[in-house]
Amino acid sequence: MGLQMGFRVSIVRAMLRCGACVLLAGAAFAQDEPTMTLHAYADLVQMPVLVLDSQRGRLPTVDMTRFRMTLNSGPPFRPTHVRLEGDDPIEMAILIDSDQRRNRLLLEMARGVASMVTESLGPQDKVVVYVLDCGGIRHSIHLPVERKQIEEAIKMLLVHQPLAADARQDAKACKAPPHLWSAMAYTVRELSTSPGRRVLLAVSDGQDGGSSVPWQALKDLATRGSVAVFSLATNEQQPLRFLETDDHMAMVCEFSGGLRLWSTDYDLQRKLREFVRMLRERYILDFPRPKRSPAGTVGVQVTLGESQVFIRASGVSFPLADDKLLADPTTVPSDPTRAPEVGSRRVLKSQ
C-alpha cells in the first residue's frame with residue numbers, strides 16, 4: 001500500500017561551469033577565440049524508499065521494474081533508475097531520552113549503539129548522539145570507531161549532570177515528559193545540511209511535554225530536510241494497531257519515510273543492527289525533474305504493482321526550472337518527454 005508523502009521544491013539558480021567539457025577539433029583556435037562554456041543543471045531527483053511486507057517485516061528483493069510513481073495524483077510513471085541504497089554514506093543522529101522511568105532501554109543503550117556502529121556501519125558513515133533530559137538537549141558527541149570508546153562515551157553522556165538551568169527548575173517540572181518535538185526539530189535542522197542519507201533515530205516513548213514545535217511542524221521540517229525519522233521504544237509501549245490516530249510519533253516517522261521500531265533491552269543490539277540493514281535495503285528511485293512543477297510541497301505516491309506492501313518515501317528537494325537559464329543557448333536541454341507531469345491534487349495539511 002502507498003502513503004502520499006511530500007517533498008519541497010525551491011528555485012535554485014546556481015549552475016556548474018564545465019569549461020573542460022568542450023571538445024577541441026584538430027585545427028587550433030586563434031588566440032583571440034572566445035572560450036566556450038558548457039552550462040549543466042541538476043535535472044535528476046533521487047528519493048530513498050522504504051519497502052517492507054504488510055506486517056512491517058523484511059521483504060525479499062522485489063522486481064524493480066514494477067515501481068510506479070505519481071506527483072499530486074498526476075499520471076503514473078516509471079522511475080528512470082532503481083537500485084538498493086547499499087553502502088551510500090549515512091548521516092545518523094541518535095536522540096536518547098535519558099529518563100529511566102520512561103526509557104527502559106537505557107541500561108543496554110551503550111552496548112547496543114557500540115555494536116551497531118562497529119558491526120553495521122562503515123567508515124563512510126557518520127553518527128552523532130544527543131541526550132535529552134528535562135532541561136532539553138544536554139550533550140552531543142560524534143562517535144569514534146572503537147567499540148570500547150563508544151560504550152564509555154555514551155555511558156558518560158547518560159550520567160546526569162544537571163545544567164545550571166535545571167537547578168533553578170522546580171523538581172516537579174522534570175517529572176513531566178521532555179520537550180521531545182522541539183529536541184527532534186533541533187536534530188533535524190542539524191542533519192538537514194549533511195551530504196549523506198539523513199536519518200534520525202529517536203530512542204523515546206514518543207511522549208511530548210509541551211514543545212513549542214508541534215508534531216505537524218516537525219513532520220514538515222523532516223520532509224523539507226530530507227530526514228527519515230525512526231523511533232525506538234520498548235515492546236510494552238507498542239500500540240495494538242500499527243498506526244493509531246493519536247500516535248503522533250508514528251505520524252512523524254511514516255510521513256518522513258521512517259518507522260516506529262520496538263525492542264526489549266536484551267534484544268537491543270540485534271534490533272539496532274537490523275535497523276541499519278533496513279536502511280541499506282531501502283530503494284533509491286531516480287526520476288527526472290517534473291515539468292511545470294509549482295513551488296511548495298508536492299505529494300508523491302510510490303506503488304509496487306498490485307502488491308500489498310508497506311512503502312514509505314523520504315522527502316526530497318529539487319530546483320525549479322528557471323526560464324532564463326533554459327533560454328540560454330549554451331544550456332544543454334533535457335528530454336521533455338521523460339519529465340513526469342504534476343497533477344492538480346494538493347497535499348493535505350496535517351490537523
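Start by selecting Glu 274, which is partly exposed at a relative accessible area of 26% (buried means under 20%, exposed over 50%, partly exposed in between, with a 1.4 Å probe and protein chains only). The model is predicted, so local features need pLDDT of at least 70 and side-chain atom pairs count only at pLDDT 80 or more, while totals for chains, interfaces and linings use all residues. Residues are numbered from 1 along each chain as its sequence is written, and side-chain values use heavy atoms, with hydrogens and water left out.

Arg 270 forms a salt bridge with Glu 274, with 2.3 Å between the closest N and O atoms (a salt bridge is a side-chain nitrogen of Lys or Arg within 4 Å of a carboxyl oxygen of Asp or Glu). The two residues are four apart in helix 7, so about one helical turn separates them. Helices (H or I, at least four residues) and strands (E, at least two) are DSSP runs, numbered from the N terminus. Arg 270 counts as partly exposed at 38% relative accessibility. Now select Asp 267: its side chain also meets that of Arg 270 in a salt bridge, at 2.3 Å from N to O.

Move to Glu 281, partly exposed at 26% relative accessibility. Its salt-bridge partner is Arg 58, with the closest N and O atoms 2.5 Å apart. Arg 58 is in the loop between strand 4 (44-52) and strand 5 (67-71), and Glu 281 in the loop between helix 7 (268-280) and strand 13 (283-288), so the pair ties together parts 223 residues apart in sequence.

Then select Glu 119, Arg 147, Glu 151 and Arg 273, which a network of salt bridges links. A search of the whole structure finds 14 salt bridges.

Now show helix 1 (residues 106-119) and helix 2 (residues 147-158), which pack at about 145 degrees with axes 9 Å apart. Axes are lines fitted to C-alpha atoms, for helices over the stretch in contact, and angles run from 0 to 180 degrees between N-to-C directions. The contact (heavy atoms within 4.5 Å) includes Met 109, Val 113 and Glu 119 of helix 1 and Arg 147, Ile 150 and Glu 151 of helix 2.

Finally, zoom out to the whole chain. The chain has eight helices and 16 strands, and buried residues make up 46% of its 351 residues. Among contacts between residues at least 6 apart in sequence, 84% join residues at least 24 apart.
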